[in-house]
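Please look over the chain below before reading on. The report then takes it from fold to single residues.

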Amino acid sequence: MRSGLASRRLLERSYAGHLERGTKNPTIVTLEKLALALECEIAELFKKIPEGTTAIEPLKSGRRRPAARSAR
């Protein structure tokens, strides 16, 4: 979610990350932006998740560590 919404300049990347991790709550304006980006009605964002659906784990906060370079 983060890169797609951030690249469309709908949300700041860090704010989208906070929303994913549940550390911040979206405003009505943000919910409208999310619904627009997802091409759905705001009400769909509040629908109960069907039983048996596997939860998607949010990404961890912070930057990735740089990949180790192999010796030549």
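The text below covers confidence, fold, core, surface and a few residue pairs.

**Basis and confidence**

This is a predicted model, in which local features need pLDDT of at least 70 and side-chain atom pairs count only at pLDDT 80 or more, while totals for chains, interfaces and linings use all residues. Residues are numbered from 1 along each chain as its sequence is written, and side-chain values use heavy atoms, with hydrogens and water left out.

pLDDT is the predictor's confidence in each residue, on a scale from 0 to 100. The chain has a mean pLDDT of 79. Of its residues, 68% reach 70 or more. Among the elements, helix α1 (residues 2–7) has the lowest mean, 56. Helix α3 has the highest, 89. Where pLDDT is low, the predicted coordinates should not be read in detail.

**Fold**

The chain has three helices and zero strands. Along the sequence the pattern reads α-α-α. Helices (H or I, at least four residues) and strands (E, at least two) are DSSP runs, numbered from the N terminus. Helix α2 covers 13–21, and α3 covers 28–38.

Contact means heavy atoms within 4.5 Å. Take the contacts in the chain with a separation of 6 or more: residues 24 or more positions apart account for 27% of them.

**Burial and core**

Buried means under 20% relative accessible area, exposed over 50%, and partly exposed in between (1.4 Å probe, protein chains only). By that rule, 18% of the 72 residues count as buried.

Which residues form the largest nonpolar core? There are five: Leu11, Ala16, Leu19, Leu31 and Leu34. A nonpolar core here is a set of buried Ala, Val, Leu, Ile, Met, Phe, Trp, Tyr and Cys residues joined through side-chain atoms within 4.5 Å. In soluble globular proteins, nonpolar side chains tend to be buried together.

Leu34 sits in helix α3. Leu34 counts as buried because its relative accessibility is 9%. Thr30 is also found in α3. Thr30 has a relative accessible area of 7%, so it is buried. Leaving aside residues up to four places away in sequence, Thr30 touches Leu11, Tyr15 and Leu19.

**Surface**

The accessible surface of the chain comes to about 6,900 Å². Carbon and sulfur atoms hold 51% of that. Accessible areas come from the Shrake-Rupley method with a 1.4 Å probe; for residues, only the protein chains shown count as cover.

Leu38, Ile42, Leu45 and Phe46 form a nonpolar patch on the surface. Together they have about 370 Å² of accessible area. Patches are made of residues with over 30% relative accessible area and no salt bridge; like charges are joined within 9 Å, and nonpolar side chains (Val, Leu, Ile, Met, Phe, Trp, Tyr) within 5 Å. A salt bridge is a side-chain nitrogen of Lys or Arg within 4 Å of a carboxyl oxygen of Asp or Glu. Ile42 lies in the segment after α3. Its relative accessible area is 30%, so Ile42 is partly exposed.

Glu39 is found in the segment after α3. Its phi is positive, about 55°, although Glu39 is not a glycine. Most residues other than glycine have a negative phi. Is Glu39 buried or exposed? Glu39 counts as exposed, at 73% relative accessibility.

**Residue pairs**

Some pairs are separated along the chain as follows.

| Pair | Apart in sequence | C-alpha to C-alpha |
|---|---|---|
| Glu57 and Glu20 | 37 residues | 8.7 Å |
| Leu10 and Leu34 | 24 residues | 8.0 Å |
| Leu34 and Ala16 | 18 residues | 9.9 Å |
| Glu32 and Leu45 | 13 residues | 9.9 Å |

Glu57 is placed in the segment after α3. Glu57 is exposed, with a relative accessible area of 64%. Leu10 belongs to the loop between α1 and α2. At 25% relative accessibility, Leu10 is partly exposed. Glu32 is in helix α3. Glu32 is partly exposed too, with a relative accessible area of 48%.
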